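I opened my notebook today to look up how neighbouring chains meet. Here is the structure I had on screen.

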4 protein chains.
Amino acid sequence: MNKSRVEAFTDAVIAIILTIMILEFKTPESAKLSAILSQVPYMISYAVGWLFIGIAWYNHHYMFTKTKLVTRKIFWINNIWMFTTSFIPVATAWVGRDLNAQGPEIFYAIVYFFWSFAYVILTYAIAKANENAGHKEIAISIRHMKIYRALTSWQFVGAEIIIWVLILIYIPALQMVLITFQVLVVGGNVNEDSDKLFE
Amino acid sequence: MNKSRVEAFTDAVIAIILTIMILEFKTPESAKLSAILSQVPYMISYAVGWLFIGIAWYNHHYMFTKTKLVTRKIFWINNIWMFTTSFIPVATAWVGRDLNAQGPEIFYAIVYFFWSFAYVILTYAIAKANENAGHKEIAISIRHMKIYRALTSWQFVGAEIIIWVLILIYIPALQMVLITFQVLVVGGNVNEDSDKLFE
Amino acid sequence: MNKSRVEAFTDAVIAIILTIMILEFKTPESAKLSAILSQVPYMISYAVGWLFIGIAWYNHHYMFTKTKLVTRKIFWINNIWMFTTSFIPVATAWVGRDLNAQGPEIFYAIVYFFWSFAYVILTYAIAKANENAGHKEIAISIRHMKIYRALTSWQFVGAEIIIWVLILIYIPALQMVLITFQVLVVGGNVNEDSDKLFE
Amino acid sequence: MNKSRVEAFTDAVIAIILTIMILEFKTPESAKLSAILSQVPYMISYAVGWLFIGIAWYNHHYMFTKTKLVTRKIFWINNIWMFTTSFIPVATAWVGRDLNAQGPEIFYAIVYFFWSFAYVILTYAIAKANENAGHKEIAISIRHMKIYRALTSWQFVGAEIIIWVLILIYIPALQMVLITFQVLVVGGNVNEDSDKLFE
């Protein structure tokens, strides 16, 4: 029952973070249809942000559906994770002004890094708490999530850092493509039993 | 249970989209009552947006109450549908500056088109998933929704496109009337058992 | 179950309307403490708006807890009621710039009038639907709510209109006092069984 | 059941208050990464605000999980408490412009004071209502919450006022440190059974 209140609170915060991003979409002063084209960069950045947070929510939801307990520690790490998520709209807005500007893209990467870090810690804490409480199979299925395995694999993270740094130096705009790709392949590729949770 | 979490998340997003539209209602600088008249175009556009999203929520709610399962695929199409819905406040704000300006009205029509498309795909996916799971009667009642039958009838869509193009060329402001009419007649005219769902 | 989804949706919309009012509270450019004094008029208007919507939520909640059914009609009237409520932040913002300016105060009165009208229709529809479904005692206790009895009493409404017009002509700022008074005495004075609903 | 609706409403309001604080985080005009450094003061103030409201939510949640009843009086005091909470984003925004400016820091202290006051009254009312209804053990465990004991101890409040005044006079920026410290030590230090509520 209390798990559901933490879920509801998290859902509300994520829903607001997701939706306030549209406030950054400035309607043009001019009434010419072509004036909206100036918003195309933000539209791209907005779509990436929406996809990112959507996948994050999905994985979070999977994890919380599985877990048998939400300790105070988990609650706090969850809060920190939401805190890092709340910077996505800021990074999205800044990047959306010029997709190929290095400064904003580096800022986005920093936010992304902290977000990933908080997410890994959250997954770790949830798996651990379930393990300690004797729910080994839950701990295993949570640790088996592709997003967690990728973010805790040194090969993956190492390769990622190299690609990321190269991109940010030479073609910052490619970061949006990289994130989209990664979000779809890593985050979108959930455990096979995820569909059953919805049925 | 998880269906209810997806519903709750959707409700939160739709409620925010609905409500942030009021932020675009600028209080006049002047303290004269007549100064509010400059906001009348936005007020009209706001009322249309509210009606539109209200009806959409109603039909969505009907569909989700009926469905026995929410698969990952449905979750994602639902997300895309919410994404298209999130552009309604932008289109509403732009159109609200000048109801008869062609550019914003065309933008609104584009948003409306993508929104309709996402909605049809969502309905299709939900009906299909229920059919595959052996709930034929649910699939039938979902496919029987007027909004779905209209949007998948080539006569209807064909006629609509012709009217729409003519309106956008000659009297853009008429689009708001057309949407209101369509929303009330097509979206508001739900299946007969819809009242029972509420009782 | 579906009643609870309409309730949840309404709660989300009302919570957002309530909270976005704080966005209008502009932090002063200056870093002097006295600079915040320029926000005192808005602070008063904000407090009145919060009290108003808080009481409205309470009465709405009472009504929805009692009702056995939420028909499509009730859903729509509820939507219209939320639509009128969404203008409270606008009126609050405008009045908050100058509490004694006639224009904004008249606008507030107009919003208040439409809001009251929508609320009365909503109460009427809920009571009627319950009566038709054979729940007479529910219909009676809903019609017995002080806010409904006041707003449907011609003596009360007549006296109110006279006082209101006089105030708006001579001392517009008094409207905030009048609303506070009315909200506390009429809206705050709920049926005796209201406490039991919470226990 | 109705307790849960008040909880849900509160959660929505708190989630919005928490999340709209990010709107104050202005993306720099410039596309230089260093431009984001101008937002560091707000980032600190934002982190403190998030921590503060997060802990407040936790304690509120603890209290509401325990209480057997939510009377009308409690509902109203809860509303007043949310009202005071809604000023945190304003104080956070103002302080975030210049962490060492005395004016904004004093304003923050005033908000903090009213907030604490409302919180104490809320705790008192909830404990009292449970005591009157014969749930003595609930009343005791609520009164036993560290945040309540601290805020009702004259030694603690006395010492606090002296430290606070000294800080505001000599090094206003230290207030953020003081609040962080206090929030973590007093608010974060909940009753031992709090973890069980989540399991």
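For these entries, I count two residues as in contact when they have heavy atoms within 4.5 Å of each other. I also keep in mind that this is a predicted model.

**Entry: who touches whom**

I began with chain C and chain D. On the chain C side I found 39 residues in contact, and they meet 32 residues of chain D. Next I looked up the area buried between chain C and chain D, which comes to about 3,200 Å². Carbon and sulfur atoms give 72% of that area.

**Entry: charges and polar pairs**

How many salt bridges are there between chain C and chain D? I noted two. In one of them Asp11(C) pairs with Arg5(D), and their closest N and O atoms lie 2.6 Å apart. I then turned to polar contacts across the interface of chain C and chain D, and the rule gave me seven residue pairs, with both residues at pLDDT 80 or more.

**Entry: which helices supply the chain C side**

I wanted to know which elements of chain C face chain D. Those that each supply at least two residues to this side are α1 (2-20), α2 (40-66) and α10 (194-198) of chain C. The largest share comes from α2(C), with 13 residues. Sorting the chain C side by class, I wrote down 24 nonpolar residues, nine polar and six charged.

**Entry: how C and D are related**

I looked up the superposition next.

**Entry: A and B**

I then took chain A and chain B. A rotation of 90° with 0.0 Å of shift along its axis puts chain A on chain B, with an RMSD of 0.0 Å. These two copies are therefore related as by a four-fold rotation axis.

Terms used
Residues numbered from 1 in each chain as written. Chains lettered and ligands numbered in written order. Predicted model: local features only at pLDDT ≥ 70, side-chain atom pairs only at ≥ 80, totals over all residues. Heavy atoms only, no water. Buried area = accessible area lost by both parts, 1.4 Å probe. Salt bridge = Lys/Arg side-chain N within 4 Å of Asp/Glu carboxyl O. Polar contact = N/O pair within 3.5 Å; in protein donor to acceptor, adjacent residues only side chain to side chain. Helix = DSSP H or I, 4+ residues; strand = E, 2+ residues; numbered from the N terminus. Nonpolar A, V, L, I, M, F, W, Y, C, P; charged D, E, K, R; others polar. Least-squares fit on C-alpha atoms with pLDDT ≥ 70 in both.
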